[in-house]
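Good morning, colleagues. I would like to take a few minutes to present one protein model, beginning with a single residue and ending with the overall fold.

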Amino acid sequence: MSQPLVPPSGKKFQIRDYQPGYTGDLTREVAEAEIVSLRIRLNDLQNRLFADRRYALLVILQAIDTGGKDGTINSVFQEVGPLGCSVVSFGVPTEPERAHDYLWRYHRETPERGKVVIFNRSHYESVLVERVKNLVPKDVWRTRYEQINTFEQYLSGQDTVIMKFFLHISKDEQRQRLQERVDDPKKQWKFRHGDLDDRKLWDDYQSAFEDMVDRCNSDVAPWHVVPANKNWYRNVVVARALVERLEKLDLRYPEPEEGIAGLRVV
Ligand code: AMP
Ligand code: MG
């Protein structure tokens, strides 16, 4: 059965209806060829976005630990140059960050027009880790969905295109990936004992992801639920969505100065 990338509105989003191992009718071979051309198109679109200066692009990646946020960034943006594109990763909030309103540290990192910023984790942590680990009371986190929708609507009205990707992996896939981090000396630095405590909260995280997608899947900033057990499928799905969205913007290079045509440089 085919599975929508953006869950339809008007129907409650239920995470169990979405298969993390789904790969549609794509094969690995075809995907690995396709990603090469998608990366080049994405680079061209980013150049246009930069020259055009009318829109900003905010890419949001959320996933459980080992879900593939870093891998997605490395793959999808491989051809995009650092001029005009950057990544911001959000960890445990610092003391000054905690002293501000919870959206402050995210808002100050949003892109200006012409730029792309990738959020590696985002304001959604306010309804994920903060909810699951009881860092804030229920009365507080339950009001945040609406606030986040309002925040995103505001940004979108200010010419920020928002693309949100929830990388969805299965519990067994996470087990394998955590095991790999333990076993592979090049990956051990990514492993923390606390990851195992978080894994025990798997079901609570899944409920929090479900509510995140259900409550914040808006027209201006829809959630893409990316089947992410297979890296090759995940990368193509994210790259395709970005290319399609940017192509809709009709990005243009600014008009050149008068009298350039036929000018001979000596
Ligand atoms: P990593 O992405 O593996 O570098 O880890 C970042 C850590 O920061 C994760 O364990 C997140 O749960 C944690 N984190 C991110 N945002 C928040 C937040 N708003 N409150 C508490 N912890 C957070
Ligand atoms: Mg980690």
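Predicted model: local features only at pLDDT ≥ 70, side-chain atom pairs only at ≥ 80, totals over all residues.

Val 225 is buried, with a relative accessible area of 1%.

Which residues is Val 225 in contact with, once its neighbours within four places in sequence are left aside? They are Leu 5, Pro 7, Phe 13, Tyr 18, Phe 166, His 168 and Val 213. As a reference for distance, the C-alpha atoms of Val 225 and Leu 135 are separated by 26 Å, and these two residues are 90 apart along the chain.

Let me turn to a second residue, Ser 75. Ser 75 lies in helix α2, residues 69–76. Is Ser 75 buried or exposed? Its relative accessibility is 7%, and therefore Ser 75 counts as buried. Not counting residues up to four places away in sequence, Ser 75 touches Ile 35, Arg 39 and Asn 235.

In soluble globular proteins, nonpolar side chains tend to be buried together. In this model, the largest nonpolar core has 73 residues, and those touching the most other members are Phe 77, Tyr 124, Phe 165 and Leu 242. Helix α11, residues 231–248, gives the most to this core, contributing 10 residues. For Leu 242, with neighbours within four places in sequence left aside, the contacts are Leu 42, Val 59, Val 76, Phe 77, Met 163 and Phe 165.

Finally, the protein as a whole. It has 11 helices and 5 strands. Its radius of gyration is 20 Å, close to the 18 Å that the globule rule gives for 266 residues, so the protein is as compact as a globular protein of that length. Along the principal axes, the C-alpha atoms fill a box of roughly 70 × 45 × 40 Å. Of the 266 residues, 47% count as buried. Among contacts between residues at least 6 apart in sequence, 81% join residues at least 24 apart.

As for the surface, the accessible area comes to about 14,500 Å², and 49% of it belongs to carbon and sulfur atoms. The protein carries 40 positive and 41 negative side chains, with the centres of the two sets 2 Å apart.

Thank you for your attention.

Note on methods:
Residues numbered from 1 in each chain as written. Chains lettered and ligands numbered in written order. Heavy atoms only, no water. Buried < 20%, exposed > 50% of the residue type's maximum accessible area, 1.4 Å probe, protein only. Contact = heavy atoms within 4.5 Å. Helix = DSSP H or I, 4+ residues; strand = E, 2+ residues; numbered from the N terminus. Rg over C-alpha atoms; globule rule 2.2 N^0.38 Å. Areas by Shrake-Rupley, 256 points an atom, 1.4 Å probe, with all protein chains shown as cover. Lys, Arg positive; Asp, Glu negative; His and termini not counted. Charge placed at Lys NZ, Arg CZ, Asp CG, Glu CD. Core = buried A, V, L, I, M, F, W, Y, C linked by side-chain atoms within 4.5 Å.
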